[in-house]
Amino acid sequence: LETVFSIMSMTKPIAGVACLQAVEKGLLDLDQPGGEVVPWLADVEVLDGFADDGTPQLRPATTPVTLRNLLTHTSGFVYEIWNANQARYLETSGRPGLSAGTRDAYRQPLAFDPGSKWEYGIGIDWATTMLETATGRTLEELMRTEVFDPLGMNNTAYVPSAAMAARLGPIHTRDEGGRFQASAASPLGNDREYNGGGGGLHSTLGDYSRFLRMILRGGELDGSRVLERATVSLAGENHMGDHRVTMLPSVVPAASADAEFFPGTEKSWGLTFQINEETAPTGRPAGSLSWAGLLNTFFWVDPTNDIAGV
């Protein structure tokens with residue numbers, strides 16, 4: 001239970017909680033144009049295809065990017081792992097991919113106009129950039145003082161402590177023959193210039209369970225309140241309207257298969273969880289929250305039955 005593992009995109013809900021704390025304090029607003037906080041977001045363009053010679057065609061966005069867009073993956077920011085046009089843009093433009101670990105790597109064009117559809121992506125990294133700008137503090141510091149310490153999550157960090165490193169679980173990949181082999185214990189490395197809200201944390205089953213218990217308990221755990229109950233309720237509501245979560249077609253099969261949980265079941269997005277809009281085939285009730293990490297780690301929160309799992 002105390003093995004330390006790379007939680008990848010299970011970082012996102014924790015980052016979302018940090019952003020919602022700033023909303024509670026009036027430092028951020030869900031519908032404020034992001035460019036009012038981070039000027040670059042006012043100028044981000046939409047990738048509108050490629051010219052005959054392969055040159056990327058960019059145009060101004062028709063609507064501004066908001067914090068709500070960024071937290072619900074309706075901003076237009078995507079991942080090149082599941083978007084062929086974005087992968088082609090990075091290749092043809094010479095821009096760095098996310099593996100570079102730099103702030104500059106997140107300066108990518110939108111795949112569509114903000115608010116027009118859902119597609120999973122790097123929006124949460126820009127949400128936490130807004131958070132850092134609004135508070136004047138780093139995301140790592142905010143997570144530590146405002147989330148981890150109050151919840152007793154002593155084994156959660158971007159860069160594992162020496163005690164955590166001794167308990168790191170290895171990552172396994174398949175070789176060309178289909179056999180499992182152990183590889184790095186920390187795929188993103190510990191020398192990144194920037195750790196955003198989209199991924200990168202290490203944690204344990206015990207620590208992440210404490211985070212989920214806080215959500216189940218309406219923002220409080222063992223006497224420490226992290227969010228107001230009304231904010232937790234708000235986070236569990238659909239914030240993307242009639243848009244729905246769709247299949248993510250893999251562009252990089254070595255990193256991910258085509259990705260969708262419960263195909264054929266309606267799913268929306270809250271702040272920042274996937275939401276079952278109807279009962280899943282497994283029996284998971286409507287209104288349940290969930291998501292995962294790229295290395296096959298998963299969590300779910302079922303408020304109806306008052307239970308969560310990692």
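**Close-up views of a predicted model**

**View 1. The second largest cavity.** W118, V245, T246, L248, A259, E260, F261, Q274 and W291 line the second largest cavity of this predicted model. The space inside amounts to about 40 Å³. By class, the lining has 6 nonpolar, 2 polar and 1 charged residues. The structure holds 2 cavities of 30 Å³ or more. A cavity is a set of points on a 1 Å grid over the protein atoms alone where a 1.4 Å probe fits but cannot get out; lining residues have an atom within 4 Å of a point. Points are joined across faces, edges and corners, and a volume is the space filled by probe spheres set on them. Ala, Val, Leu, Ile, Met, Phe, Trp, Tyr, Cys and Pro count as nonpolar, Asp, Glu, Lys and Arg as charged, and the others, Gly among them, as polar.

Residues are numbered from 1 along each chain as its sequence is written, and side-chain values use heavy atoms, without hydrogens or water. The model is predicted: local features need pLDDT of at least 70, side-chain atom pairs count only at pLDDT 80 or more, and totals for chains, interfaces and linings use all residues.

**View 2. The second largest pocket.** This pocket has a volume of about 240 Å³. Its lining numbers 20 residues, and I215, V232, S233, L289 and P303 are the closest to its centre. Helices α1 (11-24), α8 (205-216) and α9 (229-235) each give two or more residues to the lining. The lining comprises 13 nonpolar, 6 polar and 1 charged residues. A pocket is an open set of grid points with protein on both sides within 12 Å along at least five of seven lines. Helices (H or I, at least four residues) and strands (E, at least two) are DSSP runs, numbered from the N terminus.

**View 3. The largest nonpolar core.** This core has 68 residues, and I14, F211 and I215 have the most contacts inside it. Elements that each supply at least two residues include α1, α5 (123-135), α6 (139-151) and β11 (289-293). The largest share, 7 residues, comes from α1. F211 is in contact with P13, I14, V17, V147, L151 and M153, leaving aside neighbours within four places in sequence. A nonpolar core joins buried Ala, Val, Leu, Ile, Met, Phe, Trp, Tyr and Cys residues through side-chain atoms within 4.5 Å. Contact means heavy atoms within 4.5 Å. Buried means under 20% relative accessible area, exposed over 50%, partly exposed in between (1.4 Å probe, protein chains only).

**View 4. E220 in strand β7.** E220 sits in strand β7 (residues 220-221). E220 is buried, with a relative accessible area of 14%. Its side chain makes a polar contact with the side chain of R217 (2.7 Å). The E220 side chain also reaches the backbone nitrogen of G223 at 2.7 Å. A polar contact is a pair of N or O atoms within 3.5 Å; within protein, one must be able to donate a hydrogen and the other to accept it, and residues adjacent in sequence count only if both atoms are side-chain atoms.

**View 5. P150 in helix α6.** P150 lies in helix α6. P150 is partly exposed, at 26% relative accessible area. Not counting residues up to four places away in sequence, P150 touches R144, T145, S224 and V226.

**View 6. E36 in a loop.** E36 is in the loop between α1 and α2 (40-43). E36 is exposed, with a relative accessible area of 58%. Its side chain makes a polar contact with the side chain of Q32 (3.1 Å).
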